[in-house]
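Please read the points below with the sequence and the structure open beside them. They are arranged by region, and each can be checked on its own.

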Amino acid sequence: MPTMTRGISSAARSLGRVARLPAVPIGVPGSRPMLRIPAASSSFAASPLLAPAIRRLPGSQPLRSLASAAAPASAATATTTAPAPPAGAVERAHGFTLQRQQYVKEYGSHVLLYKHDKTGAELISVLNGDENKTFGVVFRTPVADSTGIPHILEHSVLCGSRKYPIKEPFVELMKSSLNTFLNAFTYPDRTCYPVASTNTQDFYNLVDVYLDAVFHPRCVADRRVFEQEGWHFELDSKEDPLTYKGVVFNEMKGVYSSPDSRFYRTVQRALFPDNTYRHDSGGDPEVIPQLTYQQFQEFHAKYYHPSNARFWFYGDDEPVKRLQLLSSYLDEFEARPVDSGVDTQKLIHTPRKVTEFYAAGDGEEGEQKAYVGISWVLSDTPLDVETELALGFLDFLLLGTPAAPLRKALNDSRLGAAVIGGGVDDDLKQPCFTIGLKGVDPQDAEKVESLIHSKLAELASSGFSASAIEAAVNTIEFSLRENNTGSFPRGLSLMLRAVGAWIYDRDPFTQMQWEDALRSFKSKLSSGADVFGPLIRSFLLDNRHRVTVSLLPDAGLGAAVEEKERAALQAARESMGEEQLSAVLEGTAALKELQETPDPPEALQCIPALQLSDIPSTITKVPTDVTPLSDGATLLTHDLFTNDVLYMEAAFDLRPVPSSLLPLVPLFCRSLTQMGTAGESFVELTERIGRKTGGISVYPFTSAKRGSEQPVAYVMIRGKAMSGTSGDMVGLMRDILLTARLDDRERFTQMVAETKAALESGIISGGHSYAGKRLAAQRGLAGWLAESMGGLSYLDFIRGLGKRVETEEGWQGVRGELEAIRTALLQRNGAIVNLTADSATLAAAEGPLRELLAALPAASPAAPAGPLVSGLLLPAGNEALCVPTQVNYVAKGADLYRDAGYQLSGATYVVEKYLGNTWLWDRVRVVGGAYGGFCSFDSHSGMMTLMSYRDPNLLDTLEAYDGSAEFLRSLELSKDDLTKAIIGTMGDIDAYQLPDAKGYSALVRHLLGVTDEERQTRREQILATSNKDFKIFADAVESVRGPAGRVVAVTSAEKARAVLEERPGFWDVKKVL
């Protein structure tokens, strides 16, 4: 769960709970086409003890496999004896000595553990045929306070180094690399630096930059890097107030503005009162200014040493080359002891209760309520693999689906709005378990605690149904065998799994070898042994190391925190003499001058780069056959190797649905899988999905389509199954679409409450997304539709819907509207089915697919709804959306097609990325201190949006946005700079994809009318990008600064008022929370 870590960015969050991403990207990327594919509605999934890091299907039931059917073939099933190791698996080379070698059948990989003779550094070298190569270095970095040293250091080491003495090699790599992953993570006790690429030379370039960064960073000799990334006093004139500025400082102010983050921070501190985990490695904004530069330097010197490092290589590159690369850095160090171990938290035998507060608005309707959760530390001794596996299964059985009994009991209780906690968390040295509710009346806190205990006791005695256990086994085994990590590199997923044991001096191989433990566990289940009752009793019910955390709303806390900061700054200023004040003034000016001065071209030559000749000149095509079917349906098939898995999407056109019902569509989609069918209950349906498929989800898909005023809008039903059970999956889809019950008022009411809670949390932690949608909804119908189903308008709709369903009359009206959506939606005419698999699996699916289509009405009996009309758009204007927050999310945009007459070119993508990685990065993030500054050009709608993330500024950020056009216009890039920009863009265009993603991408292109011919034209335009294209785009971006440009910001009421004092009438202020 994200409880013990700072899973901050929306990108990281979208990976789902299983991805285990601990921290945020150093920048917050914008997505180019604003396609609305919602994230999963719940954060629960198979336990991280079990599952690979995955990107789950939107809104899906989790993955599974059939123990009795053919699961995706792994090396375990495909190979009975381990193949001989490749020639590169040497025993000694470049100062490394092989300690252990093993063939890991689960991943078809030879895994070699080396030790560096001179320093004692350890390396795991994984050899296989995966072209998506991965490297990582991990340091143990425990903390003794909450000044955020490891987090600030994580940012700072990537700001120049001995071999790459420029300001930000990381940004240069973002501009010019073909990387498939480039990031850094800060955990509570370790810091990770991973990279990945499918291009071998690019991969080695990334590795070299990262190695030089961690061992020889500029930041330990240049205080200005520490001040920029961490914190510093800022003073532009002696008349101005003294302020704090720093990227991490402002990032963590955003984190601490989120009630969810504050809850999990409180849980971690309460569970671990005696070791490093009681502190916040990310940094507490109140404590960060206590960090000195000397402490920062000493921390790097102590922990960033090869003797404290674990290295990881994975993929199809040359094994000996890996050793050579590492030795070129490690050989200059000597071994030394590093005291970086994490003390074990001894179990405390007295349950405790902790109450903390979060900054709340003075909202109406009881919007601001309590968070109540119970947490346990499960053990103070290491668990064996089979026990970890069993706990993972238990976690899934308790919480893994909306029908899981503990999760369902909490939802059905109506004591809160949404389940929180996520169950098992094994990111730390000792596993934990947290569960609770948010949106709780503070007077009901003890009822929540009592319900959790009573339900656990009931399950310990009565156990789980055979059907639930079978579904759990199949779900988890499918996930393990399929190893579908989405866009997240498989090598990085495996690294994070291994590191979870390795950094605590446990055997990293055990985390990669689950086959034998799974077989043994399934044998115990088959024997009828009571496996789960003893686990519930020993780890939860009888475990006295338990903390109940209540996080209560405080409408005055936000102002109190701001006043405390002002008082601290005032005290600091009063303690300064004239000489110190002058030094702060001079330091502020010097730092800004450095930040605004670009590196000279000759210095940038140090960054290794590919050549255009390394880039294929033609697109990669996905094999696609398009077959018209009866009554206007269309079948798309993609003959790809998928290991006997069938991936299927069926898309139904939303145009027949009246516009007044469109905001109800997301909840309609959830209702299809979460109310049961005519022949089975919600629980039975969920378990059948688990037993028979690899996951089924239903969700709306919306996008603009270039050249059309009308949006592309579909309801998608999406699933995966083995070839042998594909008929079962199609049958399930038929039952879900045609016979799903839409009459469960209690369940629907709970879904409304969950949605409301998620939206209210989301606007505080990801306000840039809401601001961007709000702008798009002023300009185009696709933007209006996306905002109506996922933005602030949707929140307003959900709040009203919650009141409607409180009465019988209101509920009957809603129920009728749900049925009206189904009647309008389901028809063969216009339906599109997309199948991805090998030819034999595709052939096996043909019969069940035809039965599904035959069961649908040929055409909807509902009257045509007609096209959407422009009167639906939001009124054009600037808006301040006010929530309790210490930071801002500032967006400004315009429609370049309508407002500037811009014509799309492949070069557009190059210029857009360059603008984000240079001007906006430098002005909004580096100089302004925001955590992120970026832009997004939707090539389908023409909407150009500039956005900031966790930003201390408002008007200064808008000023930076307004300088974008002149910046682009003044550029005269050298041939090398243009080449780098082009190559970096091609890395995005040619992003690595697994087979299911290839098939889905082909479907999206079909829906949006993007042909392979157009893709090839755009590719040629990208490769031919010139300085002229930058100037053409600059002229178009001028419209963002002009009268057509509009501003939406998520901010506090106080800051919104301050803008109006400076610029009367600048925007309308809307209170959200």
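1. The side chain of Thr 1025 reaches the backbone oxygen of Ile 1022 at 2.7 Å, a polar contact being a pair of N or O atoms within 3.5 Å in which, within protein, one must be able to donate a hydrogen and the other to accept it, with residues adjacent in sequence counted only if both atoms are side-chain atoms. Thr 1025 lies in the loop between α36 (1012-1023) and α37 (1027-1041), where helices (H or I, at least four residues) and strands (E, at least two) are DSSP runs numbered from the N terminus.

2. On provenance, this is a predicted model in which local features need pLDDT of at least 70 and side-chain atom pairs count only at pLDDT 80 or more, while totals for chains, interfaces and linings use all residues. Residues are numbered from 1 along each chain as its sequence is written, and side-chain values use heavy atoms, with hydrogens and water left out.

3. Thr 1025 is buried, with a relative accessible area of 6%; buried means under 20%, exposed over 50% and partly exposed in between, for a 1.4 Å probe and protein chains only. Leaving aside neighbours within four places in sequence, Thr 1025 is in contact with Ala 907, Val 910, Leu 978, Ile 982 and Phe 1030, contact meaning heavy atoms within 4.5 Å.

4. Helix α3 (residues 149-156) has 8 of its 8 residues buried, so it is largely enclosed by the rest of the structure. What covers these buried residues includes β8 (190-197), α7 (247-257) and α31 (907-927).

5. Helices α23 (residues 726-739) and α29 (residues 839-855) pack at an angle of about 10°, with their axes 9 Å apart; axes are lines fitted to C-alpha atoms, for helices over the stretch in contact, and angles run from 0 to 180 degrees between N-to-C directions. That makes α23 roughly parallel to α29, a term used for angles under 35 degrees. Among the residues making the contact are Val 730 and Met 733 of α23 and Pro 848 and Leu 849 of α29.

6. An open sheet is formed by 5 strands in the order β12-β16-β13-β15-β14, with mixed pairing, and two strands pair if DSSP finds at least two bridges between them. The edge strands, each pairing on one side only, are β12 (352-359) and β14 (418-425). Strands β13 (residues 370-377) and β15 (residues 432-440) pair in the antiparallel sense over 8 bridges, and Val 377 stands opposite Cys 432 in β15. Helix α11 (residues 385-399) lies across β14 and β15, running at about 170° to β14.

Conventions
Angles under 35 degrees count as roughly parallel, over 145 as roughly antiparallel, 65 to 115 as roughly perpendicular and the rest as oblique.
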